Amino acid sequence: MIDFLNAFVALSNFVLIPAISYGAQLALGALGVTLIYGILRFSNFAHGDTMAFGAMCTILVTWLFQSWGISFGPLPTALLAMPFGILATMGLVLFTDRYVYKFYREQKAKPVILVIVSLGVMFILNGLVRFIIGPNDQRFSDGERFIISVREFKALTGLKEGLAFKTTQGITIVTAVIVVIALFWFLNRTRTGKSMRAYSDNEDLALLSGINPERVVMVTWLIVAALATIAGTLYGLDKSFKPFIFLQLLLPVFAAAIVGGLGSPLGAIAGGFTIAFSEVMITYAWKKVATYVVPESWAPDTLVQLLSTDYKFAVSFVILIIVLLFRPTGLFAGKSV
Amino acid sequence: MSDSVRNTMYFAGVALLIIITGFVQSWNTALFILNFGLISAIMALGVNLQWGFAGLFNVGIMGFVALGGLATVLVSMPATPGAWQAGGASVIGALVLGAATVVAAVILMTKMKASKLRSFSVFGVLVVGFFVYRGLFDPAVGFIEEIDPAATGYLGGLGLPVLLAWPAGGLLAAAVAWLIGKTALGLRSDYLAIATLGISEIIIAVMKNEDWLGRGVKNVVGLPRPAPYEVDLQSNAAFIERANGLGFDAVTASTLWVKLIYAGLFTVVLVILFVMAQRALHSPWGRMMRAIRDNEFAAEAMGKNVTARHLQIFVLGSAVCGIAGAMMTTLDGQLTPGTYQPLRFTFLIWVMVIVGGSGSNLGSVLGGFLIWWLWVMVEPMGSVLMNFVTYGMADGYWLKNHLLESVAHMRLLTMGLVLLLVLRFSPRGLIPEK
Amino acid sequence: MSEPFLIGDSMTGGYGNGPDILHNCTIAVNKGEIAVIVGPNGAGKSTGMKAVFGMLNLNKGSVRLDGEDITTLSPQDRVVNGMGFVPQTSNIFTSMTVEENLEMGAFIRRDDYKDTMTQIYDLFPILKEKRYQAAGELSGGQRQQVAVGRALMTQPKVLMLDEPTAGVSPIVMDELFDRIIEVARTGIPILMVEQNARQALEIADKGYVLVQGANAFTGTGKELLADPEVRKSFLGG
């Protein structure tokens, strides 16, 4: 019985908690991608770097606060700085929309043109972020490091296996839950939110009903800026902030959005967790968990790792391919194809 | 001004830029730009096939280029002694088995009726296949990688002349393109973009991590060359004499001469591919492609199999990129998977095609040279600019240091700006499609 | 005869800069009446209605609503001015609930629209029953009721329906016609395009037979049904 408890603790420590917080970050990123897709009808390649930009603004404000001696007690100061990061990112996306995307929207350009344009925006943002903050790793998290550390957990439970629950993981999960609830409340309960869904569902009929497309687009960008900044900051807090990372994050974020069904917010969340859990579970060495569960004589002598961690991105891609092959509209029947 | 005069002036302009670089910086730099410009032009031709002819958005060009590089190693390096005996057969066997597993699963999936039994058997086949594959694969890889890991530790190649690697690179890229095209073509255009982005990430991940294949990040160095070695030339009396006769010292002359030989080889390939691309463009096949691009629905209604046509051109374009990739690795003389950055360089090629003129082969070639020149020169130009901007600032002032350091990040920013400006104000590019 | 409530007067025009599809075509509807546009396939029936709604470029002619010239207004502005339009296809928000569809119909209204919604639920009881269901899950006839209900939410002064019975079974068609008559009884003039000429003319106060974008026959529904030439060419004897 104790063995099973130990196995479960090891599983939670190495698989469940990391996968849940990573899934939450992916889900927030994918929500941004899916909203842009639903309203503006293109896959926004610049989204990863919008996340980087938002996180960077948050970091700069965090440093400022830290230099002023402002802190948030046991919580990271970055949470206090995040609203300012969101505002800056909102300004940025409204600027790019006004001076870049709007032109093509009015021309009714093909989606693929908008994708190329977003690729251009992506590289400009990427250059801008590295220009401002440099290409290196930046640490900005402060406050308590752990909600519960391995040692505390062992002392508390007397189990052989330890469980660490980082503050950043806790914050990620709590924030993601709050943000998602707020977003769904907005989309399903408010007039503006419903008009966004209507516009995404049937553009012509929305116009006929007197919904102002420019307003819908603006509100969408504002929400996306907030989501991107939150996702970027949480990812930076949890792992570390490095401009280059966000380029690599783009693929799993896209995979999450497509697996869930592009244009479907619920799908983006499901997709985020699907991708995160698959990545973590397939690249995790199960030996530790297995030794507790199976009889001693069966104990595996290899790592019991399905794929080396170097292939993390391959996992999200393979899932993406399977979904494209068998269910191109995604789990939640988005508006693809 | 007629089109041909304008085009000649464009090319003369780019030639002038390169020549000026030769005078101002060094001829070595100028020839470096020329050689990579030739390779870029070929890649741009490949992308133009896909985008300009057919409107396919491929974001995974670097993956296909990397495959070309891998082909160079597989074709031209000598086989590692003992590696094949140690585990070559098992590795190949494991890969075949892996492929057979997937094929079996697909056959089951299509032949059996949808049911719990089907899901169960497909899953079963995949799981059993996977473990047998790993059981065969892992020890064999271990054996291969144990053979003199500091120098080899991989299977090696066929030991054939390196020039053969160029078409081989094309073939390898074409094969992978076929697989990915089969999956993602026919879905909406964004999906192809994302799928190709994914495949290139995976190709490069495989090349970085599968040491038995191409030594991974340990790199394969000392690839055979189609040109003489500088050291040999420098000890060749006849060569020294001729160099001195032209007023060069032997060291400079040898590096320039080797680069010129490469430039000659690359020019031949570029010309062949260009002529083929031009012919294709003006053939009935090319007209049909453009008709499909301009109105997919109408073409489909006329009974054209749009997806099959797209697959054709996708494979062709990727093959061209594979050839260019093999040429690039040959020029470098080494395979360094760590330096392939999927999105960044792919993006660069895209800028070339769009600036040159989507759908215009000549434009792509021009864009290849021009943008490559700009890419190399942005940094020196940027540092001149930053020195000017920070001229009035005190030495050691943080902003001055920061600005001077940031020059390194101006390249992508500039390319992004160039792309957006061209798309906005001159979407047909320098040499528009007719 | 006084000016009709809504009239597209001698309209000539086509889509964008394309060729003219309508030629000196006049379509009108009076207060409290049902007007129906019928005609063979490709006669420009839907085009005629879209011209009245401002989705066409008119080279000649004008559109007047309640005596006011609205020729230059965009479709959106015509909605604000009291025209309700139900397109032939994609006329509902499939992913939204029935009630949300109605709410979106009332998007331009800033006042309380609860009463209007109650009226619509009275008119279409089935919609009340399914108010929290996604509109895309409903049957064809029910979807058309959602579409009509959505258009009625603005309390339009005139309702325009583009082939409301396209693709529904004959029984559902009869029911839809009944509903449309009920809507008309609430005092809203209705202009509609119909494929099923005979049934449509039976409920019509006024009928327009269009051929190649021009008026071929005009009269009350009864007159047209009785006209031997109309019978021969369009009603199958």
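Predicted model: local features only at pLDDT ≥ 70, side-chain atom pairs only at ≥ 80, totals over all residues.
Figure 1. The neighbouring strands here are β9 and β10 of chain C. β9(C) covers residues 206-211, and β10(C) covers residues 214-219. Five bridges join β9(C) to β10(C). The pairing is antiparallel.

**Figure 2. The six-stranded sheet of chain C.** The sheet is open, and its strands run in the order β6-β7-β8-β3-β9-β10. Pairing within this sheet of chain C is mixed. Which strands stand at the edges? They are β6 and β10 of chain C. Each has a single partner strand, so one side of each is left without a neighbour in the sheet. From one strand to the next, the twist averages 15°. Helix α1 of chain C, residues 45-53, packs on the sheet. This helix touches β3, β6, β7, β8 and β9 of chain C. The direction of α1(C) makes about 150° with that of β7(C).

Figure 3. Strand β6(C) spans residues 83-86. M83(C) and F85(C) lie on one side. G84(C) and V86(C) lie on the other. Are these four residues buried or exposed? All are buried, and both faces of β6(C) are therefore covered; a residue is buried if 20 or more other C-beta atoms lie within 10 Å of its own. Strand β7(C), residues 158-162, pairs with β6(C) in the parallel sense. Four bridges link the two strands. F85(C) has M160(C) of β7(C) as its bridge partner.

**Figure 4. Helices α3 and α6 of chain C.** α3(C) packs against α6(C), which spans residues 140-152. Their axes lie 7 Å apart, at an angle of about 35°. The crossing is right-handed. From α3(C) come V98(C), N101(C), L102(C), M104(C) and G105(C). They meet V146(C), G149(C), R150(C) and A151(C) of α6(C). The contact residues divide into five nonpolar, three polar and one charged.

**Figure 5. Where chain C touches chain A.** Chain C gives 17 residues to this contact, and chain A gives 13 residues. Two elements of chain C, α2 (75-80) and α3 (98-105), each give two or more residues to the side that touches chain A. On that side of chain C, nine residues are nonpolar, six polar and two charged. Which chains share the most contacts? Of the two pairs of chains in contact, they are A and B. No contact joins chain B and chain C. The closest C-alpha atoms of chains B and C lie 18 Å apart.

**Figure 6. Chain C as a whole.** Chain C holds ten helices and ten strands. Its radius of gyration is 17 Å, close to the 18 Å that the globule rule gives for 237 residues, so chain C is as compact as a globular protein of that length. Along the principal axes, the C-alpha atoms of chain C fill a box of roughly 45 × 40 × 35 Å. Of the 237 residues of chain C, 45% count as buried. Among contacts in chain C with a separation of 6 or more, 68% come from residues 24 or more positions apart.

**Figure 7. A loop proline in chain B.** P149(B) sits in the loop between α5 (116-146) and α6 (165-184) of chain B. P149(B) is partly exposed, with 13 other C-beta atoms within 10 Å. P149(B) and P337(B) are 188 residues apart in sequence. In space, their C-alpha atoms are 17 Å apart.

Notes
Residues numbered from 1 in each chain as written. Chains lettered and ligands numbered in written order. Contact = placed C-beta atoms within 7 Å. Buried ≥ 20, exposed ≤ 12 C-beta atoms within 10 Å, placed from the backbone. Pairing = 2+ DSSP bridges. Nonpolar A, V, L, I, M, F, W, Y, C, P; charged D, E, K, R; others polar. Axes fitted to C-alpha atoms, helices over the stretch in contact; angles between N-to-C directions. Rg over C-alpha atoms; globule rule 2.2 N^0.38 Å. Left-handed = near helix turned anticlockwise from the far one by under 90°.
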